[in-house]
Amino acid sequence: MLGNLKNINVLVLGSGGREHSICDNLIKSKKINYLWCMPGNAGINKIAKFYEIDVNDKKKILSFCIKKKISLVIPGSEEFLAKGISDYLRLGGINVFGPSKKGSLLESSKIFTKLICKLGNINTAKWRLINNYKTALKEIKLLKFPLVIKLDKLAAGKGVLVANSYEEAKKFLIKVEQGKIGDKNSKIIIEKKIVGKEASFFYVTDGITSRFIGSAQDYKRVGNGNTGLNTGGMGCISPSPFENKDKIELINKKFIEPTIKAMNYLGYPFKGVLYAGLMFTKSDIFLIEYNIRLGDPECQALIARLKSNFLDICIATEKNKLKDIKINKDNKKSICIVMASKGYPDEYKSGFAIKGIKKVGNNVNIYHAGTKLDKNKNIITNGGRVLNIVSKEKTLQRAKLNAYKLLKNIKCNNLFYRSDIGD
């Protein structure tokens, strides 16, 4: 269905700032006839067509794709991919940008990734496996802190804790027990803490060729100075301070290519985004984790710098022709600042009116995440992370000033943000 590259219909699955930025890039392509996004949000639904459907029902999504002659589906979240949406739609004759369910194990199972690292001789932290949170509570009393605790299964970006004391670790594991973080039946990985600086490097692969599409530095903690609870991400900058030509080639050679080779060896060919979370120490680089999709909010900052149309990248990946394209990026710096509901990442309330949202110029954008329209067509909050302010300039300092200036025009009684993104 990708044989005719003109007037194709595309469906994006998701409702966050990541999906809004993807749609904003896709809609600029002359190859697109109709762009759909489900479930969407108040911002996405202004640029993409919307149809109310249960996005967790694979059968309904396939029926929709066949009826609307969808040529390509782009799942935004790891949740769709881990549940096998790619396999199901491909069996139904629909192209998908993203890995299979087996390929998704690189994110949905931390244990699987550790075993891939062993198979591919990939540098990662020393680790041990504990069967459940109850056993973990007992065993970590005997261990030396600080240490890193990771849930094996998906936990919406909140399943990792760098614990400096037993009390911190205990609070985290109790939240797991209570069902507030991830799956309480998840196995637990305990790692030695590696001291260094984190960065995210993003590549796309068709299972043979890999291409670098950008890097970012995420601000994961909820509070200024990287304090408080882990979140899905409170902001980011792109590129990472560690990005240079030598690092891009080294990471591809030492991490990405061995992973692709190991997946092929297992019979799980990987197609899509390989997002490597890395720790740069004084002496080496370590893999912290893999994600199998674009990050959120990293995607928003990366898309801002992407000169190539994202649709062309998706098509080349699905058609096994990445070797035939060049991915162009802007040399400018970008920043993404997240506005979130008060109480996030714990309990929060929704339904608050938002005023002052508008798009300003070519280098500043507002991407919606947790928003919807009320019965009077007013934009209201509808989630934890609500809005993303993205700015791109020649220098990071100018991008930061522009983003925070625009942010102050947005009025809502229940939103907060970090004031140190980009520091």
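Predicted model: local features only at pLDDT ≥ 70, side-chain atom pairs only at ≥ 80, totals over all residues.
## Helix H2

Helix H2 spans residues 58–67. Its buried residues are Ile 61, Leu 62, Phe 64 and Cys 65. They cover an arc of only 160° around the axis, which puts them on the same side of H2. An α-helix has 3.6 residues a turn, so residues three or four places apart point the same way. The face turned away from the buried side carries Lys 59, Ile 66 and Lys 67, which are exposed.

At the start, a side-chain oxygen of Asp 57 comes within 3.1 Å of the backbone nitrogen of Lys 59. Just after the helix, Lys 69 has a positive phi of about 55°.

## Aromatic pairs

The structure holds 10 aromatic pairs. One of them joins Trp 36 and Phe 64. The geometry is edge-to-face, with 5.0 Å centre to centre and 85° between the planes. This pair links distant parts of the chain: Trp 36 belongs to strand E2, Phe 64 to helix H2, and they are 28 residues apart. Both residues are buried.

The charged end of Lys 49 sits over the Trp 36 ring, 5.1 Å from its centre. Elsewhere, ring pairs join Phe 201, Tyr 203, Phe 212, Phe 242 and Phe 280 into a cluster.

## Helix H11 and Thr 317

Helix H11 runs over residues 310–318. It is mostly covered, with eight of its nine residues buried. These are Phe 310, Leu 311, Ile 313, Cys 314, Ile 315, Ala 316, Thr 317 and Glu 318. At the start of H11, a side-chain oxygen of Asn 309 reaches to within 2.9 Å of the backbone nitrogen of Leu 311. Just after the helix, Asn 320 takes a positive phi of about 60°.

Why does Thr 317 count as buried? Its relative accessibility is 2%, and the cut-off for buried is under 20%. The Thr 317 side chain reaches the backbone oxygen of Ile 313 at 2.8 Å. Not counting residues up to four places away in sequence, Thr 317 touches Phe 97, Val 204, Thr 205, Asp 206, Lys 271, Gly 272 and Leu 322.

## Nonpolar cores

In soluble globular proteins, nonpolar side chains tend to be buried together. Here the largest nonpolar core has 43 residues. Leu 11, Val 73, Leu 106, Phe 201 and Leu 278 touch the most other members. Helix H9 (residues 245–266) gives the most to this core, with seven residues. Apart from it lies another core of 33 residues, including Val 12, Leu 302, Leu 306 and Ile 313.

Leu 278 is in contact with Lys 197, Glu 198, Ala 199, Phe 201, Ile 251, Phe 255, Ile 285, Phe 286, Leu 287 and Ile 288, leaving aside neighbours within four places in sequence.

## Thr 281 in its loop

Thr 281 is found in the loop between strand E14 (272–280) and strand E15 (285–291). Which residues does Thr 281 contact, leaving aside neighbours within four places in sequence? They are Ile 194, Val 195, Gly 196 and Phe 286. Ile 194 is 87 residues from Thr 281 along the chain, yet their C-alpha atoms are separated by 7.7 Å.

Definitions and conventions
Residues numbered from 1 in each chain as written. Heavy atoms only, no water. Buried < 20%, exposed > 50% of the residue type's maximum accessible area, 1.4 Å probe, protein only. Helix = DSSP H or I, 4+ residues; strand = E, 2+ residues; numbered from the N terminus. Arc of directions from axis to C-beta. Polar contact = N/O pair within 3.5 Å; in protein donor to acceptor, adjacent residues only side chain to side chain. Contact = heavy atoms within 4.5 Å. Phe/Tyr/Trp six-rings, centres within 6.5 Å; stacked < 30°, edge-to-face > 60°. Lys NZ or Arg CZ within 6 Å of the ring centre and 35° of its normal. Core = buried A, V, L, I, M, F, W, Y, C linked by side-chain atoms within 4.5 Å.
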